[in-house]
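Hi everyone, thanks for coming.

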Amino acid sequence: MANSKYTREEALAFHLEPTPGKFEIQATVPMTTQRDLSLAYSPGVAVPCEEIAANPELAYDYTNKGNLVAVISNGTAVLGLGNLGALGSKPVMEGKAVLFKRFADVNSIDIELDTEDPEAFINAVHLMGPTFGGINLEDIKAPECFIIEQQLKEVMDIPVFHDDQHGTAVICAAGLINALHLSAKKIEDVRIVLNGAGAAGIACLELLKSMGARHENCLMCDTKGVIFQGRTEGMNQWKSAHAVKTELRSLEEAMRGADVFLGVSAKGAVTQEMVASMADNPVIFAMANPDPEITPEDAHAVRPDAIVATGRSDYPNQVNNVLGFPYLFRGALDVHARAINDEMKIACAEALAKLARLDVPDEVAMAYGRKLTFGRDYIIPTPFDPRLIHVIPPAVARAGMETGAARRPIVDMDVYELSLKSRMDPTASILRGLNARARNAQARMIFAEGDDIRVLRAAVQYQRTGLGKALVVGRDEDVKAKLEGIGMGDAVRELEVVNAAKTDKLDEYKAFLYRRLQRKGFDRHDINRLAARDRHVYSALMLAHGHGDGLVTGATRKSAHVMELINHVFDVDAEHGAVGITALLHKGRIVLIADTLVHEWPDEEDLANIAMRGAGVARHLGLEPRVAFVSFSTFGYPRSERAEKMHRAPKVLERRGVDFEFEGEMTVDVALNARAQESYPFQRLTGPANVLVVPARHSASISVKLMQEMAGATVIGPILSGVDASIQICSSNFTTSDILNMAVLAACKVG
C-alpha cells in the first residue's frame, strides 16, 4: 500500500538479503556434460550464428531476443527524488525489471547510462539494439526524454517506450473511457484541463487527442498558468503544440465548467473551490505522487457526483502503470513488433476499460475482502486481476498486426490466449491475495517469542504494513533494547508488549488451565509455573480467552516441544485431528504436502483425515484441490506391505463421499505430471495433483527439505489445521519473512 510504513533499515535489508539486488540470471538449458557445453558454446553455437547472420529474423527463434526488454535510464528524474545519477537509479531499474517478469513473464535487464548528453545516450541505446526485443526508457528528465525517445524510435526497429510518459497515459485513458461512460459524456465533447506539462502530462493529452478529444477543448497548464497561443514564458516545442487560443490564464479560471481534470503535478494544486466550479459529474484524475492534487475526500465533500482517481493504492481507482507496460510489451514482443504505436496503446486502454466493466473474479474479491463492481469507485482494473495477462496482450498484438507493426503475426489467437494463461504465476497472486485478506481482517496477532530479533522484526512489519495489531510477549526493557540494537527503536511506541506480570487476567488463565490439566498429573504449582513463566502457554491462554485473534510461535524451540506446550491449552494432537500442511512454491507451481507436523505413522483413516484437511487448506489458498496419495508404487505395482495403507486410503474417501478429486496410490511423478497420468486412463485426477498425502511424517520432512535445499523452493508452513483456534507454528530456522508469512496465514485463518 502507498501508505505502508517502513524504516530505512528495513528498505536496505530488503535489497541486501538474501543476496544483493532483486534478481539473478539462470540458464534455461542443461549445462552439466561436455556435450551440453559444446552445444551451448563452441563449436555448436556456430550453427545458429551462421543462420542468424544469413537471416536476422531467426534471432527471435534461436536467442532470447524475443522475450528480452532493456530498462534504461540515466537517473536524471528518479521517482520524485530528482537527479540521483545513473548509479543512484539502479534499484529503481532493477525493480522495473522484476515487475516485467512478475506480471507478464517478460525477461528484463536494467542498464544505467552515465551521461546527461542526449546524443551520447541515443548512440549508446541504438548500438545495443540487436540484443533486445524492446527498450523501456525510465526516469529521464524532460525535455531530454522527448528528444531521446523520438530519435530512438526513428533509428531503431524494435519498440522504444518511455513508460513515465506513455504508461501513465494508457492507464489514464482507460479510466477516462469508463468515467465518461458512467457520466454519459463523449470524449469529443468534453472540456479537459491538464495540470502538469511534463513528460506524463503531455503524453496523456496527446493520447486522448488521438482518441477523439478536440484540440480546442483541451487546456494545458503548468506552474505559470494556462498554455495559450502567444505565450513565450517557460515554453518549449512540446508545450507549444498544445497551446490554444483562449483568454483564460490561471488553473482556477480553466477549471470553471470543465468536465475533466487530469493532474500530474503536485500536492494541493487543486482546491475545493476549483472542484465546485466544474461541470456536472466531473471527472478528476489527481495523479500526483505520493500525494494527489486533491484528496478524494476533499473532492467529494463539495462534489458528491465526482468520479475521482489517484495514483495511490489506498484510494479507489488507482492509476497504476503496472497495469500497462508489462502487457503492452508482452503483446508487442509476441508479434516481434517494430514499434509500440498509438493504435497499440489505445487498444491496451480500451481492453483495460472493457475488463473493468466485466464481473470481477472471486479471487480478486477475496484479495480485496469485498466484491468489486463496475461503478464510480471501480473504473480501472486492479493489478490482482488474473485476466490481465490473457486479455491485454492479445488486444495489443491485434492492433500491432492491423497497423503493420508486427513482423510475425499470430495465426491462432485462441491458442495464443491459452499460452498466456500458462505464463501466469499462481503463487504470486496467492500470496498477494493472502496479504490483502489479512489486511482486511485486521487481526490482533500474538507473537509469543518477543526475545527473538526475527520475531520482533516480523511483528513490526506486521503492524507497519497495515495487517493488524501486533501483541509481543516479552519483557518491556528486553524488547526495547533489542529493537534499539537493530535500529528500530522507534517501533517500541507502536508495539504492545504483553506478559504475565502486566495482566490482570492471570488468575482466570490459571483456573482455565487447571480445569484442563488437573486429571493429567498437573498440580497447582505446575499450573502456576506454566501460566506465569512459559511464554508459549501464556500466549495460548491469551488466545483461548479472546485476548488476541491469532498466534505465531515456535521460532525459538523445536516444533514438537511447542506443540506439546500448546496442547495444554488447545487440542493440538493427532487424536483430535490436528494436521500440518506445508506449501511448496516453485517455478510458478504450488503443491501442498501433508502431514509434515503431527502424525508419525498414520493409518488409512488418518490419511483420509489428512487429505480432507489438505483439501481445506488448498481451498483457503484459492486452489481447487486435487489430492494424490503418494508412495513408491503406482496402483498396486510394485506390491509392498508398506504401500498397502496408501492403497486403502482412497477407498476411505470414497465411503465418505468427499467433494474433491483424489486418487492413489501413485508415485510422485505420476501425481505431478499430466503426461504420466495419461498412461493410466482409469485414474480420476483431471490434472496434476496439488495436494500430496505422504505415508509418514519422516517422508514428508525429507520431501520438503530436499525441495527446499536442492530446488530452491519457497516453503510456507507447516500450516496447522484442525485446531479450534488460529495458531501457526514456525520452525527454528525461519527468517523474518517466513515468520511474517505465518502471521498472515494465522490472520486469514488458513487451516
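Let's start with a word we'll need: a residue counts as buried when its relative accessible area is under 20%, as exposed when that is over 50%, and as partly exposed in between. Keep in mind, too, that this is a predicted model.

Lys-345 has a relative accessible area of 5%, so Lys-345 is buried. Its partner is Asp-342, and the two side chains meet in a salt bridge, at 3.1 Å from N to O. Is Asp-342 buried or partly exposed? With a relative accessible area of 34%, Asp-342 is partly exposed. Both residues sit in helix α16, which covers residues 342-357, and they are three residues apart, about one turn of the helix.

Now for another pair. The side chains of Arg-648 and Glu-604 also form a salt bridge, this one at 2.9 Å, N to O. Which helices do they come from? Arg-648 belongs to α28 (residues 644-656) and Glu-604 to α27 (residues 604-620), so this pair ties together parts that are 44 residues apart in sequence. Arg-648 is partly exposed, with a relative accessible area of 34%.

How many salt bridges are there in the whole structure? A search finds 41.

Asp-110 and Lys-90 meet through their side chains in a salt bridge, at 2.6 Å from N to O. Asp-110 is in strand β2 and Lys-90 in helix α6 (residues 90-104), so the pair ties together parts that are 20 residues apart in sequence. Asp-110 counts as buried, because its relative accessibility is 9%, while Lys-90 is partly exposed at 29%. And there's a network here: salt bridges link Lys-90, Glu-94, Asp-110 and Glu-112.

Have a look at β1, residues 68-73. How many of its six residues are buried? Six, so the strand is mostly covered, given that buried means under 20%. Go face by face: Leu-68, Ala-70 and Ile-72 are buried on one side, and Val-69, Val-71 and Ser-73 are buried on the other.

What does β1 pair with? Six bridges join β1 to β2 (residues 107-112), and those two strands run parallel. Four bridges join β1 to β3 (residues 134-137), again running parallel.

Next, a loop. Gln-683 lies between α30 (674-677) and β19 (691-693). Gln-683 is buried, with a relative accessible area of 12%. A polar atom of its side chain lies 2.9 Å from the backbone oxygen of Leu-685. Setting aside neighbours within four places in sequence, Gln-683 is in contact with Phe-635, Glu-663, Met-666 and Gln-677.

Let's finish on the outside. Glu-216, in the loop between α10 (199-210) and β6 (218-222), is exposed, with a relative accessible area of 55%. Then there's a nonpolar surface patch made of Val-29, Met-31 and Leu-37, with about 260 Å² of accessible area together. Val-29 is in the loop between α1 (8-16) and α2 (34-40), and Val-29 is partly exposed at 47% relative accessible area.

How values were computed
Residues are numbered from 1 along each chain as its sequence is written. This is a predicted model: local features need pLDDT of at least 70, side-chain atom pairs count only at pLDDT 80 or more; totals for chains, interfaces and linings use all residues. Side-chain values use heavy atoms; hydrogens and water are left out. Buried means under 20% relative accessible area, exposed over 50%, partly exposed in between (1.4 Å probe, protein chains only). Two strands pair if DSSP finds at least two bridges between them. A polar contact is a pair of N or O atoms within 3.5 Å; within protein, one must be able to donate a hydrogen and the other to accept it, and residues adjacent in sequence count only if both atoms are side-chain atoms. Contact means heavy atoms within 4.5 Å. Patches are made of residues with over 30% relative accessible area and no salt bridge: like charges are joined within 9 Å, nonpolar side chains (Val, Leu, Ile, Met, Phe, Trp, Tyr) within 5 Å. Accessible areas come from the Shrake-Rupley method with a 1.4 Å probe; for residues, only the protein chains shown count as cover. A salt bridge is a side-chain nitrogen of Lys or Arg within 4 Å of a carboxyl oxygen of Asp or Glu.
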